[in-house]
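Hi there,

Here is the structure I promised to hand over to you. Have a look at it first, and then read on for what turned up in it.

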Amino acid sequence: PKTNVVFLKVHKSASSTVMNILFRFGEMHNLTFAFPVGGGNQFFYPQHFLAKFVRGFSPRSPRQFNILCHHMRFLQPEVEKVVSSSAVYFSILRNPVQLMESSFVYYKGTSAFSRARSLEDFLSEPYQYYNPAHGDSHYARNLMTFDFGFNPDAEVSAERVQLMLKAIEASFDLLLISEYFDESMVLLKEMLCWDLDSVVFFPLNSRDSSTKSPIPDSIVEKIKDWNRLDWEIYTHFNRTFWERINRDIGRERMQREVKALRERQAELARICLQGMGSVAPKDIKDSSLRPLQHGNAKILGYNLKQGLDKETEHMCRRLVTPELQYSSALYKKQFAPMPP
(Lines give C-alpha, C1' and ligand atoms only; values in the text may rest on other atoms or scores of the structure.)
Protein backbone atom coordinates (compact mmCIF):
# COMPACT_ATOMS: atom_id res chain seq x y z
CA PRO A 1 0.00 0.00 0.00
CA LYS A 2 1.21 3.50 -0.84
CA THR A 3 1.51 5.71 2.22
CA ASN A 4 2.75 9.02 0.78
CA VAL A 5 -0.14 10.95 -0.67
CA VAL A 6 -0.92 14.51 -1.74
CA PHE A 7 -4.61 15.27 -2.22
CA LEU A 8 -5.56 18.66 -3.64
CA LYS A 9 -8.89 19.24 -1.93
CA VAL A 10 -10.94 21.17 -4.47
CA HIS A 11 -13.86 23.06 -2.92
CA LYS A 12 -17.42 21.71 -3.16
CA SER A 13 -16.44 18.53 -5.03
CA ALA A 14 -17.13 15.70 -2.56
CA SER A 15 -13.61 16.34 -1.27
CA SER A 16 -14.62 16.11 2.41
CA THR A 17 -15.62 12.49 1.80
CA VAL A 18 -12.22 11.78 0.22
CA MET A 19 -10.52 13.50 3.14
CA ASN A 20 -12.32 11.20 5.60
CA ILE A 21 -10.90 8.21 3.68
CA LEU A 22 -7.38 9.66 3.99
CA PHE A 23 -7.86 10.48 7.68
CA ARG A 24 -8.98 6.92 8.45
CA PHE A 25 -6.16 5.32 6.49
CA GLY A 26 -3.55 7.62 8.01
CA GLU A 27 -4.83 7.04 11.53
CA MET A 28 -5.00 3.28 11.10
CA HIS A 29 -1.43 3.09 9.75
CA ASN A 30 0.00 5.66 12.13
CA LEU A 31 1.03 8.05 9.34
CA THR A 32 1.92 11.71 9.79
CA PHE A 33 -0.24 14.49 8.38
CA ALA A 34 0.95 17.88 7.19
CA PHE A 35 -1.19 20.20 9.32
CA PRO A 36 -1.52 23.95 8.98
CA VAL A 37 0.47 25.91 11.58
CA GLY A 38 -1.87 26.51 14.51
CA GLY A 39 -4.30 23.77 13.49
CA GLY A 40 -7.34 24.77 11.44
CA ASN A 41 -8.26 23.21 8.14
CA GLN A 42 -6.66 25.46 5.52
CA PHE A 43 -3.09 26.36 4.59
CA PHE A 44 -3.61 30.12 4.68
CA TYR A 45 -5.98 29.76 1.73
CA PRO A 46 -6.47 31.63 -0.66
CA GLN A 47 -2.71 32.28 -0.71
CA HIS A 48 -0.60 29.86 -2.73
CA PHE A 49 0.70 27.03 -0.56
CA LEU A 50 4.10 27.51 1.10
CA ALA A 51 6.07 24.85 2.97
CA LYS A 52 6.38 27.17 5.98
CA PHE A 53 2.60 26.97 6.46
CA VAL A 54 3.07 23.37 7.68
CA ARG A 55 3.51 22.86 11.42
CA GLY A 56 6.82 21.15 12.13
CA PHE A 57 8.47 22.15 8.84
CA SER A 58 11.80 23.94 9.02
CA PRO A 59 14.00 24.72 6.02
CA ARG A 60 17.12 23.82 8.04
CA SER A 61 15.98 20.28 8.75
CA PRO A 62 13.11 19.63 6.35
CA ARG A 63 10.96 16.75 7.47
CA GLN A 64 8.58 14.83 5.27
CA PHE A 65 4.96 14.10 6.05
CA ASN A 66 2.98 11.15 4.71
CA ILE A 67 -0.30 12.85 3.87
CA LEU A 68 -1.04 16.38 2.72
CA CYS A 69 -4.77 16.87 2.24
CA HIS A 70 -6.06 20.11 3.83
CA HIS A 71 -7.37 22.97 1.69
CA MET A 72 -4.62 24.75 -0.18
CA ARG A 73 -3.99 26.63 -3.38
CA PHE A 74 -1.62 24.31 -5.21
CA LEU A 75 2.03 25.23 -5.74
CA GLN A 76 4.06 22.13 -6.49
CA PRO A 77 7.63 23.30 -5.75
CA GLU A 78 6.52 24.20 -2.21
CA VAL A 79 4.49 20.99 -1.77
CA GLU A 80 7.57 18.98 -2.76
CA LYS A 81 9.45 20.38 0.25
CA VAL A 82 7.15 18.64 2.72
CA VAL A 83 6.39 15.26 1.10
CA SER A 84 8.46 12.36 -0.22
CA SER A 85 9.47 12.44 -3.88
CA SER A 86 7.58 9.14 -4.23
CA ALA A 87 4.27 10.74 -3.14
CA VAL A 88 1.18 10.05 -5.25
CA TYR A 89 -0.69 13.23 -6.25
CA PHE A 90 -4.41 13.21 -6.91
CA SER A 91 -7.41 15.53 -6.88
CA ILE A 92 -11.13 15.52 -7.63
CA LEU A 93 -13.21 17.54 -10.09
CA ARG A 94 -16.91 18.32 -10.32
CA ASN A 95 -19.14 19.48 -13.14
CA PRO A 96 -18.78 23.31 -13.01
CA VAL A 97 -22.53 23.77 -13.44
CA GLN A 98 -23.36 21.94 -10.19
CA LEU A 99 -20.23 23.34 -8.57
CA MET A 100 -21.39 26.91 -9.20
CA GLU A 101 -24.87 26.23 -7.86
CA SER A 102 -23.37 24.67 -4.73
CA SER A 103 -20.90 27.54 -4.23
CA PHE A 104 -23.65 30.11 -4.59
CA VAL A 105 -25.56 28.58 -1.69
CA TYR A 106 -22.55 27.68 0.44
CA TYR A 107 -20.61 30.93 -0.06
CA LYS A 108 -23.64 33.22 -0.09
CA GLY A 109 -21.89 35.58 2.32
CA THR A 110 -18.99 36.38 -0.03
CA SER A 111 -18.67 39.75 -1.73
CA ALA A 112 -19.67 38.47 -5.18
CA PHE A 113 -22.78 36.56 -4.07
CA SER A 114 -24.16 38.41 -1.07
CA ARG A 115 -26.07 41.06 -3.03
CA ALA A 116 -27.35 38.79 -5.82
CA ARG A 117 -30.94 37.64 -5.25
CA SER A 118 -30.35 34.39 -7.14
CA LEU A 119 -27.77 32.66 -9.26
CA GLU A 120 -29.74 33.76 -12.33
CA ASP A 121 -29.60 37.31 -11.10
CA PHE A 122 -25.82 37.06 -10.64
CA LEU A 123 -25.25 35.55 -14.09
CA SER A 124 -27.41 38.07 -15.91
CA GLU A 125 -24.85 40.79 -15.05
CA PRO A 126 -21.93 39.19 -13.21
CA TYR A 127 -19.70 42.26 -13.25
CA GLN A 128 -22.30 44.17 -11.29
CA TYR A 129 -21.50 41.86 -8.38
CA TYR A 130 -18.12 40.35 -9.14
CA ASN A 131 -14.89 42.20 -8.56
CA PRO A 132 -11.73 40.15 -9.20
CA ALA A 133 -9.80 42.43 -6.83
CA HIS A 134 -11.80 41.27 -3.80
CA GLY A 135 -10.03 38.71 -1.62
CA ASP A 136 -12.93 36.24 -1.78
CA SER A 137 -13.80 36.63 -5.47
CA HIS A 138 -12.34 33.20 -6.35
CA TYR A 139 -15.41 31.45 -4.87
CA ALA A 140 -17.52 32.94 -7.66
CA ARG A 141 -15.57 32.07 -10.78
CA ASN A 142 -13.44 29.15 -12.02
CA LEU A 143 -12.96 27.86 -8.49
CA MET A 144 -11.21 24.67 -9.62
CA THR A 145 -8.82 26.64 -11.82
CA PHE A 146 -8.02 28.79 -8.80
CA ASP A 147 -7.44 25.83 -6.44
CA PHE A 148 -5.04 24.29 -8.98
CA GLY A 149 -3.03 27.49 -8.70
CA PHE A 150 -3.99 29.26 -11.94
CA ASN A 151 -5.55 32.65 -12.62
CA PRO A 152 -9.37 32.29 -12.72
CA ASP A 153 -9.75 35.56 -14.64
CA ALA A 154 -7.29 34.75 -17.41
CA GLU A 155 -8.45 35.05 -20.99
CA VAL A 156 -9.56 31.74 -22.44
CA SER A 157 -7.35 30.97 -25.41
CA ALA A 158 -6.74 27.51 -26.83
CA GLU A 159 -3.05 27.91 -26.05
CA ARG A 160 -3.60 28.85 -22.40
CA VAL A 161 -6.06 25.99 -21.91
CA GLN A 162 -3.54 23.52 -23.36
CA LEU A 163 -0.75 24.79 -21.09
CA MET A 164 -3.00 24.52 -18.06
CA LEU A 165 -4.14 20.96 -18.87
CA LYS A 166 -0.54 19.88 -19.52
CA ALA A 167 0.61 21.38 -16.22
CA ILE A 168 -2.13 19.55 -14.30
CA GLU A 169 -1.31 16.29 -16.11
CA ALA A 170 2.37 16.71 -15.27
CA SER A 171 1.65 17.24 -11.56
CA PHE A 172 -1.17 14.78 -10.84
CA ASP A 173 -1.25 11.00 -11.12
CA LEU A 174 -5.04 10.78 -11.00
CA LEU A 175 -8.02 13.11 -11.24
CA LEU A 176 -11.23 11.74 -9.82
CA ILE A 177 -14.69 12.83 -10.95
CA SER A 178 -17.22 13.46 -8.20
CA GLU A 179 -20.21 12.54 -10.40
CA TYR A 180 -18.68 9.05 -10.66
CA PHE A 181 -17.60 8.81 -7.07
CA ASP A 182 -17.82 5.02 -6.75
CA GLU A 183 -15.78 4.48 -9.92
CA SER A 184 -13.33 7.08 -8.61
CA MET A 185 -12.87 5.13 -5.39
CA VAL A 186 -12.13 1.96 -7.36
CA LEU A 187 -9.46 3.81 -9.39
CA LEU A 188 -8.00 5.30 -6.21
CA LYS A 189 -7.90 1.90 -4.51
CA GLU A 190 -6.07 0.44 -7.53
CA MET A 191 -3.56 3.25 -7.76
CA LEU A 192 -2.75 3.25 -4.04
CA CYS A 193 -2.89 -0.58 -3.67
CA TRP A 194 -5.37 -0.21 -0.78
CA ASP A 195 -8.09 -2.66 0.19
CA LEU A 196 -11.84 -2.19 -0.20
CA ASP A 197 -12.48 -1.13 3.40
CA SER A 198 -9.93 1.66 3.06
CA VAL A 199 -12.01 3.39 0.38
CA VAL A 200 -15.51 2.59 1.61
CA PHE A 201 -17.35 5.77 2.68
CA PHE A 202 -20.52 7.50 3.80
CA PRO A 203 -21.04 10.82 1.96
CA LEU A 204 -19.96 13.73 4.17
CA ASN A 205 -20.65 17.47 4.02
CA SER A 206 -23.58 16.96 1.64
CA ARG A 207 -26.53 19.33 1.50
CA ASP A 208 -30.11 18.67 2.40
CA SER A 209 -32.15 18.57 -0.82
CA SER A 210 -34.35 21.39 0.52
CA THR A 211 -31.51 23.82 -0.23
CA LYS A 212 -30.85 22.47 -3.71
CA SER A 213 -32.68 23.92 -6.66
CA PRO A 214 -32.84 22.59 -10.21
CA ILE A 215 -30.77 24.64 -12.63
CA PRO A 216 -32.81 25.96 -15.56
CA ASP A 217 -31.35 25.21 -19.00
CA SER A 218 -31.26 28.92 -19.75
CA ILE A 219 -28.50 29.44 -17.22
CA VAL A 220 -26.54 26.22 -17.73
CA GLU A 221 -24.79 27.76 -20.76
CA LYS A 222 -24.17 30.99 -18.86
CA ILE A 223 -22.51 29.05 -16.04
CA LYS A 224 -20.28 27.21 -18.53
CA ASP A 225 -19.31 30.49 -20.21
CA TRP A 226 -18.62 32.26 -16.93
CA ASN A 227 -16.52 29.29 -15.74
CA ARG A 228 -15.00 28.45 -19.11
CA LEU A 229 -11.56 27.48 -17.72
CA ASP A 230 -13.18 25.11 -15.20
CA TRP A 231 -15.33 23.67 -17.98
CA GLU A 232 -12.24 22.97 -20.10
CA ILE A 233 -10.50 21.24 -17.16
CA TYR A 234 -13.58 19.19 -16.32
CA THR A 235 -14.42 17.98 -19.84
CA HIS A 236 -10.80 17.06 -20.55
CA PHE A 237 -10.28 15.04 -17.37
CA ASN A 238 -13.73 13.49 -17.49
CA ARG A 239 -12.67 12.06 -20.86
CA THR A 240 -9.27 10.82 -19.64
CA PHE A 241 -10.98 9.32 -16.55
CA TRP A 242 -13.03 6.97 -18.76
CA GLU A 243 -10.07 6.29 -21.05
CA ARG A 244 -8.13 5.17 -18.00
CA ILE A 245 -10.96 2.90 -16.84
CA ASN A 246 -11.19 1.30 -20.29
CA ARG A 247 -7.43 0.88 -20.48
CA ASP A 248 -6.56 -0.26 -16.94
CA ILE A 249 -9.66 -1.96 -15.60
CA GLY A 250 -12.29 -2.48 -18.30
CA ARG A 251 -15.99 -1.70 -17.93
CA GLU A 252 -17.01 -5.18 -16.80
CA ARG A 253 -14.52 -5.40 -13.99
CA MET A 254 -15.35 -1.83 -13.00
CA GLN A 255 -19.03 -2.80 -12.65
CA ARG A 256 -18.08 -5.71 -10.40
CA GLU A 257 -15.81 -3.53 -8.26
CA VAL A 258 -18.47 -0.83 -7.89
CA LYS A 259 -21.03 -3.47 -6.93
CA ALA A 260 -18.69 -4.84 -4.24
CA LEU A 261 -18.11 -1.32 -2.90
CA ARG A 262 -21.84 -0.57 -2.73
CA GLU A 263 -22.60 -3.89 -1.03
CA ARG A 264 -19.94 -3.26 1.61
CA GLN A 265 -21.33 0.23 2.12
CA ALA A 266 -24.86 -1.04 2.60
CA GLU A 267 -23.54 -3.62 5.05
CA LEU A 268 -21.73 -0.92 7.06
CA ALA A 269 -24.84 1.28 7.01
CA ARG A 270 -26.81 -1.62 8.53
CA ILE A 271 -24.14 -2.16 11.18
CA CYS A 272 -23.45 1.49 12.04
CA LEU A 273 -26.34 3.80 11.33
CA GLN A 274 -29.70 4.46 12.85
CA GLY A 275 -32.16 4.53 9.97
CA MET A 276 -29.52 3.59 7.34
CA GLY A 277 -28.91 7.12 6.04
CA SER A 278 -28.11 10.78 6.67
CA VAL A 279 -30.31 13.12 8.71
CA ALA A 280 -30.93 16.89 8.91
CA PRO A 281 -28.63 18.85 11.25
CA LYS A 282 -31.39 19.35 13.84
CA ASP A 283 -31.87 15.56 14.08
CA ILE A 284 -28.24 14.70 14.84
CA LYS A 285 -28.29 13.49 18.44
CA ASP A 286 -24.55 13.49 19.17
CA SER A 287 -23.31 17.08 18.92
CA SER A 288 -19.72 15.89 18.30
CA LEU A 289 -20.96 14.42 14.99
CA ARG A 290 -22.70 17.59 13.82
CA PRO A 291 -21.00 19.09 10.75
CA LEU A 292 -20.27 22.81 10.46
CA GLN A 293 -23.28 24.64 8.97
CA HIS A 294 -22.23 27.25 6.44
CA GLY A 295 -23.93 29.90 4.31
CA ASN A 296 -27.50 28.97 3.37
CA ALA A 297 -26.69 25.26 3.09
CA LYS A 298 -28.09 22.68 5.48
CA ILE A 299 -25.33 20.10 5.92
CA LEU A 300 -26.47 16.57 6.71
CA GLY A 301 -24.94 14.19 9.25
CA TYR A 302 -25.51 10.78 10.83
CA ASN A 303 -26.70 9.05 13.98
CA LEU A 304 -24.85 5.94 15.12
CA LYS A 305 -26.67 2.91 16.48
CA GLN A 306 -26.63 2.55 20.25
CA GLY A 307 -25.04 -0.41 22.02
CA LEU A 308 -22.28 -1.21 19.51
CA ASP A 309 -19.23 -2.98 20.90
CA LYS A 310 -16.20 -0.75 21.42
CA GLU A 311 -14.29 -1.71 18.28
CA THR A 312 -17.33 -1.46 15.99
CA GLU A 313 -18.33 1.85 17.57
CA HIS A 314 -14.85 3.23 16.91
CA MET A 315 -14.91 2.13 13.25
CA CYS A 316 -18.44 3.48 12.69
CA ARG A 317 -17.72 6.78 14.43
CA ARG A 318 -14.67 7.35 12.21
CA LEU A 319 -16.80 6.86 9.08
CA VAL A 320 -19.23 9.62 10.08
CA THR A 321 -17.01 12.10 11.95
CA PRO A 322 -17.16 15.46 10.14
CA GLU A 323 -13.97 16.87 8.69
CA LEU A 324 -13.29 19.61 11.26
CA GLN A 325 -13.78 17.36 14.29
CA TYR A 326 -11.69 14.55 12.76
CA SER A 327 -8.92 16.91 11.71
CA SER A 328 -8.73 18.44 15.15
CA ALA A 329 -8.62 15.00 16.86
CA LEU A 330 -5.73 13.91 14.59
CA TYR A 331 -3.94 17.21 15.18
CA LYS A 332 -4.15 16.76 18.97
CA LYS A 333 -2.92 13.19 18.65
CA GLN A 334 0.02 14.09 16.41
CA PHE A 335 1.09 17.06 18.54
CA ALA A 336 0.29 15.63 21.97
CA PRO A 337 2.50 17.32 24.57
CA MET A 338 5.31 15.04 25.71
CA PRO A 339 4.83 13.74 29.25
CA PRO A 340 7.34 15.43 31.59
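Lys224 sits in helix α10, residues 217-226. Helices are DSSP runs of H or I with at least four residues, strands are runs of E with at least two, and both are numbered from the N terminus. Setting aside neighbours within four places in sequence, Lys224 is in contact with Val97 and Trp231, where contact means heavy atoms within 4.5 Å.

Before going further, a word on the source: this is a predicted model, in which local features need pLDDT of at least 70 and side-chain atom pairs count only at pLDDT 80 or more, while totals for chains, interfaces and linings use all residues. Residues are numbered from 1 along each chain as its sequence is written, and side-chain values use heavy atoms, with hydrogens and water left out.

Now to a pair of helices. Pro96, Val97 and Leu99 in α3 meet Asp230, Trp231 and Tyr234 in α11. The residues of this contact divide into 5 nonpolar, no polar and 1 charged (Ala, Val, Leu, Ile, Met, Phe, Trp, Tyr, Cys and Pro count as nonpolar, Asp, Glu, Lys and Arg as charged, and the others, Gly among them, as polar). The axes of α3 and α11 come within 9 Å and cross at roughly 130 degrees; axes are lines fitted to C-alpha atoms, for helices over the stretch in contact, and angles run from 0 to 180 degrees between N-to-C directions. The two helices are therefore oblique to each other (under 35 degrees is roughly parallel, over 145 roughly antiparallel, 65 to 115 roughly perpendicular and the rest oblique).

Helix α3 (residues 96-106) also holds Tyr106, which is buried at 9% relative accessible area. Tyr106 and Ala297 are 191 residues apart in sequence, but their C-alpha atoms are 5.5 Å apart in space.

Finally, the sheet. Which order do its strands take? The sheet is open, with 4 strands in the order β2-β1-β3-β4 and parallel pairing; two strands pair if DSSP finds at least two bridges between them. β2 (67-68) and β4 (174-177) stand at the edges with a single partner strand each, so one side of each has no neighbour in the sheet.

Happy exploring!

Definitions and conventions. Buried < 20%, exposed > 50% of the residue type's maximum accessible area, 1.4 Å probe, protein only.
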